[in-house]
Amino acid sequence: MASVSDLRIVLLGKNESENNRVGNTVLETTAFHREDASYSQQHNEKISAEVQERHITVINTHLLHPHFPQHQITQAVKECVSLSDPGPHVFVLVLQYNDFSENDRQRVKNVLNLFSEQAMKHTIVLTTDEEKHSSTPTSITINNLIKECGRRHLQFDTGNPKWHSELFRRTEEILKEEHKEFLICNMYEDGGDGTSVDEDPCRSGGSVRGDDKEKEDSDLKESTKTERDGGGLF
């Protein structure tokens, strides 16, 4: 597969400042800087730039932020799909070893599944802090998620001038393995009752059944409830 000259990257992470730092580094500019975004008004931020002779678009999402309104997740995913039209090339999970639980891992998987059942195959885990001990619960949880994402993992390193190239190379590797030009997000083709959920062009012939969508929403709600009961709000 030829080099991808127009690359669309979706950032997902709990820590907004770290998301911003990664996005700014990828774009080689101070593009993302909001620390107190109004999640009810702005679910996603999209910024593009020319980097290494490529047109790079980063969609910085707030979907995994601890205070993101639960009832707005589905709508925010749909907006992100529209912003990444005709489809994202890769999801980059921006994670920290010092703040990640099993409930977080389930939340990540549920959110990714709202984009597409194939989203995990288009995901790279990017850690922005050092792993102190591989036997800690947070390390084990992140390492399990890395395995579920095909062992695709990068350590964020602003001091490495080849960091961009490795991220782009890994993305092209994913597209080659999956034999796709980009990920087709087809989870909103139909609302389950014969009515169109949205008019986003980033979709294929698949459809979401009403009971499947209810199950996804239920899984997300259960994840949040569990964290409130004892796992910490994600």
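Q: In this predicted model, which residues does N44 contact, leaving aside its neighbours within four places in sequence?
A: Setting those neighbours aside, N44 is in contact with I59, N60, T61 and H62, and also with A76, E79, C80 and L83, where contact means that heavy atoms lie within 4.5 Å. N44 itself belongs to strand β2, which covers residues 44-51.

Q: What makes N44 count as buried or exposed?
A: The relative accessible area of N44 is 8%, and the term buried is used for values under 20%; N44 is therefore called buried.

Q: Why are α1 and α5 called roughly perpendicular to each other?
A: The axes of helix α1 (residues 16-27) and helix α5 (residues 163-178), which come within 10 Å, cross at roughly 95 degrees. Angles of 65 to 115 degrees count as roughly perpendicular, and α1 and α5 are therefore given that description. On the α1 side the contact is made by V22, T25 and V26, and on the α5 side by W163, H164 and L167. Sorted by class, these comprise four nonpolar and two polar residues, with no charged residues.

Q: How do you know whether α2 and α3 are oblique or roughly parallel to each other?
A: Helix α2 (residues 73-83) and helix α3 (residues 102-115) have axes that come within 9 Å and cross at roughly 55 degrees. An angle has to be under 35 degrees to count as roughly parallel, and the roughly perpendicular range is 65 to 115; α2 and α3 are therefore oblique to each other. The crossing of α2 past α3 is right-handed.

Q: Which residues of α2 and α3 meet?
A: From α2 come I73, V77, C80 and V81, and they meet R107, L114 and F115 of α3. By class this contact has six nonpolar residues, one charged residue and no polar ones.

Q: What is the overall make-up of the chain, and how much of it counts as buried?
A: The chain has six helices and six strands, which follow one another along the sequence as β-α-β-β-α-β-α-β-α-β-α-α. Of its 234 residues, 49% count as buried, and of the contacts between residues at least 6 apart in sequence, 72% join residues at least 24 apart.

Terms used:
Residues are numbered from 1 along each chain as its sequence is written. This is a predicted model: local features need pLDDT of at least 70, side-chain atom pairs count only at pLDDT 80 or more; totals for chains, interfaces and linings use all residues. Side-chain values use heavy atoms; hydrogens and water are left out. Axes are lines fitted to C-alpha atoms, for helices over the stretch in contact, and angles run from 0 to 180 degrees between N-to-C directions. Helices (H or I, at least four residues) and strands (E, at least two) are DSSP runs, numbered from the N terminus. Angles under 35 degrees count as roughly parallel, over 145 as roughly antiparallel, 65 to 115 as roughly perpendicular and the rest as oblique. Ala, Val, Leu, Ile, Met, Phe, Trp, Tyr, Cys and Pro count as nonpolar, Asp, Glu, Lys and Arg as charged, and the others, Gly among them, as polar. Buried means under 20% relative accessible area, exposed over 50%, partly exposed in between (1.4 Å probe, protein chains only). A crossing is left-handed if the near helix is turned anticlockwise from the far one by less than a right angle, and right-handed if clockwise.
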